[in-house]
Amino acid sequence: MAGETILSVKDLRVRFRTLDGVVEAVKGINLHVDAGETVAVVGESGSGKSQTMMAAMSLLASNGEATGVVDYRGKNLLTLGKSELNKVRGRKISMIFQEPMTSLDPLYTIGNQLMEPIRKHRGLSGAEARAEALRLLELVKIPDPERRLKSYPHEMSGGQRQRVMIAMALANDPDILIADEPTTALDVTIQAQILMLLAELQRKLGMAIVFITHDLGIVRRFADRVYVMRYGEVVEEGKADELFANPQHDYTKMLLAAEPTGRKSAPADTAPILLEGRNVEVEFKIGGGFLSGPPMLLRAVDRISVTLKQCQTIGIVGESGSGKSTLGRALLRLLPSQGMIRFGDKDLSKADRAEMRPLRRELQLVFQDPFGSLSPRMTVGQIITEGLLVHEPSLSSKERDKRAVEALLEVGLSPDTRNRYPHEFSGGQRQRIAIARAMILKPKVVVLDEPTSALDRSVQKQIVELLRKLQADHDLSYLFISHDLAVVRAMSDYIIVMKQGKIVEEGPTEEIFGAPREAYTKTLMAAAIDETKFRLSA
Amino acid sequence: MFLYVFRRLLTAIPTMFVIVTLAFFLIRVAPGGPFNQERGLSPEIKANLEAQFGLNDPIWLQYVNYLNNLLHGNFGPSYNLPDFTVTELFANGLPISVQLGLSALVLALAVGTVLGIVAALNQNKLGDYSVIALATAGSTIPTFVIAPVIQLLFGLTWKLLPIGGWGDGAWINKIGPILTLSLPQIAIVARLMRGSMIESLRSNHIRTARALGLSDWSVVVKHALRGAVLPIVSYSGPAAAALLTGSIIVETIFAIPGIGRYFVDAALNRDYTLVMGTVVVIAMFTIAFNLIVDILYAFFDPRVRYD
């Protein structure tokens, strides 16, 4: 069985008709998948890695068109008729996607959705299909499967939904499972569980897996063979071990070197305390209203104390819903909170809006989403100098422009960019603009809320280096909020681990990473930086 | 669910109260009264009439009396159609308007939904463009143009349909008015349906369904359509309330004895009780249909739960 090629892609081209003309997303690539092996297709956003597999499955958007050959056991999937194609899709080749939250139909129960492809492809009766669905839910280790058959997707967590997706994909015992960034949208501990589940199922069922991913960690731990893609072309391919040990192409080398490195040393003991929170508490009201009773209270941040010194970077890590962003915002008084917050010698917890305003220039914030956080109708120059209008109203427009030039140079952008609009820039450039907007005010404390999470690894590394340089040049203090432990480790000298609004553990970075005390921290660390291989070559 | 419906009905009471109060005083703020006609009545007769209908009482007493009557299901006499009480007028006219409105609504939902789906499945192709053209025409040509054109073509030229009249409810008399009422609604429903169906077809769970090798029928009907009808459900609530309470234009042009004419006629004539009656009926229909829509919503979308 092993070794036999079951899927081969020859000279595949994918074109999209767009308003700007025809865009070629995949430019004549060749690849193959053998029975039972694990292949990774690696690349950054826009490399064409997803479109390659979407084309193979005839799932391209309506303006897309694929040419070439996608040969599955002697059938060219690209020219197969709809009903013939549907005998392969979901039966011999199945697929799971990046977005577990939206990939299931919200209007039908899990059981209904699981049974549908089983009945379609195998012609089982309702009762047989139900028994089969139950078996599949047990296979993907969903607790209480009997009850879950009657659940709707919105009643389940992201990790559980991805398990259901896997169950659906495996329902008809496929030859090939295509996994398109299957864990990217999940928290790291859940990521590890899903990956382990996939490895285990592969051992049990023997299907080939194609991983489409940007995450080299996954490739290293899972793949037998790797294809590296860039700009719609395969630039390098080979056995995973060899490729990691001895990359040939410059792009592969760059990708491998893009893992964030370096460590931050702690500030001197004598460094003054800049920002301090004591027993900070944030509560959200949920529901409530006329005739429906009192609202529920959700304590998003539960009596947390933080002390940020000059030149210090505190990394706040935790999974989604842990309250880490809320804490960052509460400390800047962007959210109402209980408890004491001091900035220098000023008590922020009693300051009203007017008193806060002059302090805002020293307390800046950079957001995760470099696409949503810049106004699309303002030029870059207007965006970054807007704060100066408030905080230094006496500046002439000429002086403001000079400051804009300085700020752009400082974040590594050409000053010519200041008359252009945000949509003309890439994600990494936009994040630089967002940083320039904060830096132009010469702040003392910057809260960085997942500043690198939306970026490709290679761009991430540049932003990390920029943030480091700015910190050294201006004695900045950072509150670095992230779920990405590799980046946090490279950036911070002190770590706070949060879960459900509470601090689980805190301490100097090397202590937390080197010798975590709490069970939750250990799981988190194991999931993020453990390098053990899940699977050896078949 | 039961508790939710009960709560909604409970909140309808203050809503109705506010609407009735506002309407009662607003119509009385307008100059003139029910017996100030152009011909003019002699002062004695006018005084007599006003005394008989209690129009000389202080306004707060009139208000209290009206509310009291309303609570006992009594809308009062019509001032301008003295042979009838308001209740009788509605008893005669409302079934006619409801019949026409309901038929038009059902027709609009059926045809509009199908057209919308056809357009969405043929996005940016001929089928799509035809539906869009039809929908644009349907929503831009006013009913007071469509109705006479239908009378002219079907009634006068081809002699297929009667030109107007109710004909004691003969089905042939209903075709013209129903068509006129439904055409603009077909246009709106088709456009809404097209938009939401296109969005639905683009969603991730449709990609999943295709990747699982499900048939086109299952992908489109079972998975895309059910989510896509939700905006139509929302729209049909207020649309039903408007259609079922009659249209002055259609009822006037086709000489239909429905209640659509009453609102405008009554307001112009300062027929206080009839104005109030119309307001109450329209408000009740609106509240009822919005409630029905919300219940239907929970039926279509399991994420919506009322508890």
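Analyst: UniProt annotations may be inferred rather than shown by experiment. With that in mind, the UniProt record, an unreviewed entry, places the feature "domain: ABC transmembrane type-1" at residues 94-297 of chain B. The model itself is predicted.

User: What makes up the span 94-297 of chain B, helix or strand?

Analyst: A helix is a DSSP run of H or I with at least four residues, and a strand is a run of E with at least two. By these criteria the span is 82% helix and 0% strand, and its end C-alpha atoms lie 27 Å apart. Chain B as a whole has 13 helices and 0 strands.

User: How do you know which residues of chain B are buried, and what share of the chain do they make up?

Analyst: A residue is called buried if 20 or more other C-beta atoms lie within 10 Å of its own. Of the 307 residues in chain B, 34% are buried.

User: What makes residues of chain A and chain B count as being in contact, and how many are there on each side?

Analyst: Two residues are in contact if their C-beta atoms lie within 7 Å. On that basis, 27 residues of chain A are in contact with 22 residues of chain B. Helix H2 (82-88), strand S6 (93-96) and helix H3 (110-122) of chain A each supply at least two residues of the side touching chain B. The largest share, 4 residues, comes from H3(A).

User: Which classes of residue form that side of chain A?

Analyst: The side of chain A that touches chain B has 11 nonpolar, 8 polar and 8 charged residues.

Note on methods. Residues are numbered from 1 along each chain as its sequence is written. Chains are lettered from A and ligands numbered from 1 in the order in which they are written. This is a predicted model: local features need pLDDT of at least 70, side-chain atom pairs count only at pLDDT 80 or more; totals for chains, interfaces and linings use all residues. Ala, Val, Leu, Ile, Met, Phe, Trp, Tyr, Cys and Pro count as nonpolar, Asp, Glu, Lys and Arg as charged, and the others, Gly among them, as polar. A residue is buried if 20 or more other C-beta atoms lie within 10 Å of its own, exposed if 12 or fewer, and partly exposed in between; C-beta atoms are placed from the backbone.
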